Each structure stands twice: as structure tokens, then as C-alpha cells.
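Hi,

Here is the structure I promised to pass on to you. Have a look at it first, and then read on for what turned up.

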Amino acid sequence: KLHVVHGQPSWSFRSSHVHANLTKLGGHLGPVGFRLAHRLVFPFSVAPWAEEKPAPRTPALLRALRGDFFCAPFGGNGTPWRGERHPPHGEPANANWRLARVTHGADRVTAHATLATTVRRGRVDKFISLVDGQTAVYQRHVLSGARGPMSIGHHAMLKFPDRPGSGAISTS
């Protein structure tokens, strides 16, 4: 069920230690809360203008801007390349996603969202898993049907308190 979180229609899902939100617009992951000992932390940034009315031609990416989002291609292009004009950070970061399902296993919850791309015809499947007892977010993106070279990436936006040692990042 969609509900509005910081100005964006979003789906929410949780495990024992993580509460996550995924925006319909752009598939942005955030905010995400992590339960650590006796406190909650929210390290993903949400744009300070998230709940303001955007200017008419504001790119979708900037309207939803928060947390982490998948870029394909990572950049964008003002000049079409082989007839393709990609929005900033690609269609996945700007288009409307569809929630396919949320599955609950013995110790995990997985949200599966899909996007049919139109600039370069294909499909992107987003899988986000949260595991009970863990303060981690597991993400996987599967591209299918599209052909040709493309730079891809995750665009994480973190905001830690302004003091040394206030955060640590671990990636695989």
C-alpha cells in the first residue's frame, strides 16, 4: 500500500532492525531507519526541499531525491546518443516503479519492484532485502532486454552528524 513519506508516495517494509521506504517515483530507497542498541539512526539523506512544491520543469530525480537510487546510465545526456536521450542518472532514477510483491520468509522480507524502460527498451527488477537481526540493506538490480553499452551505478546519499567518527560505511 502506497503512503506519502516526505512528500513522495512510497512503499514501506521492515525487519526486526530496519524500517525502509521505497518511492514510487524513481525507486529511491529512503528514509531507512536502523535500530542500534537503544536508539534509531537514519543515515540516508532526504533532500531538504522534499515536501516543497517543485518548479514545473524540475526533473523527477530531484523531486524524489533521497537515500539511494539505481542509475542506468549513471549520468545523463543533453545530446542524444544513437537517438537516446536519458534523463539525469537514467530512467530508473526518474520513472514510476511498480511494486511487484513483498515476500516474507522465515528471517527476511524482500521488496521486488519493476520498471519497464522506454528510452532503451528493457526491464529493471529491483530486489531489496532486510534480514531479521541484521542492520543491513541488501540490494540487487537485474537489467534484462536492453542492448548496448551503459554505465550503471548506485547513488547513495548519506548524512552523518558533523563530527569525526560519527559513521562507518562497509560495502561488498
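Contact here means heavy atoms within 4.5 Å. Keep in mind that this is a predicted model. By that contact cut-off, F13 touches V18, H19, A20, L22, L29, V109, A111, I128 and L130, leaving aside residues up to four places away in sequence.

F13 is also part of the largest nonpolar core, which has 19 residues. Together with A20, L22, L29, V32, W97 and L130, F13 touches the most other members. At least two residues of this core come from each of β2 (8-14), β3 (18-23), β4 (29-36), β8 (108-117) and β9 (122-131), and β8 gives the most, with 4 residues. Another core, of 7 residues, lies apart from it and includes L61, F69, C71 and M157.

F160 sits in the segment after β11 (153-156) and counts as partly exposed because its relative accessibility is 33%.

- G30 and P31 are joined by a cis peptide bond with omega of about -5 degrees; P31 is in strand β4.
- The bond from A72 to P73 is cis too, with omega near 0 degrees, and P73 lies in the loop between β6 (68-71) and β7 (98-104).
- A37, not a glycine, has a positive phi of about 50 degrees. A37 is in the loop between β4 and β5 (39-41) and is exposed, at 70% relative accessible area.
- H89, also not a glycine, has a positive phi of about 65 degrees. H89 lies in the loop between β6 and β7 and counts as buried, at 18% relative accessibility.

Best wishes

Key
Residues numbered from 1 in each chain as written. Predicted model: local features only at pLDDT ≥ 70, side-chain atom pairs only at ≥ 80, totals over all residues. Heavy atoms only, no water. Core = buried A, V, L, I, M, F, W, Y, C linked by side-chain atoms within 4.5 Å. Buried < 20%, exposed > 50% of the residue type's maximum accessible area, 1.4 Å probe, protein only.
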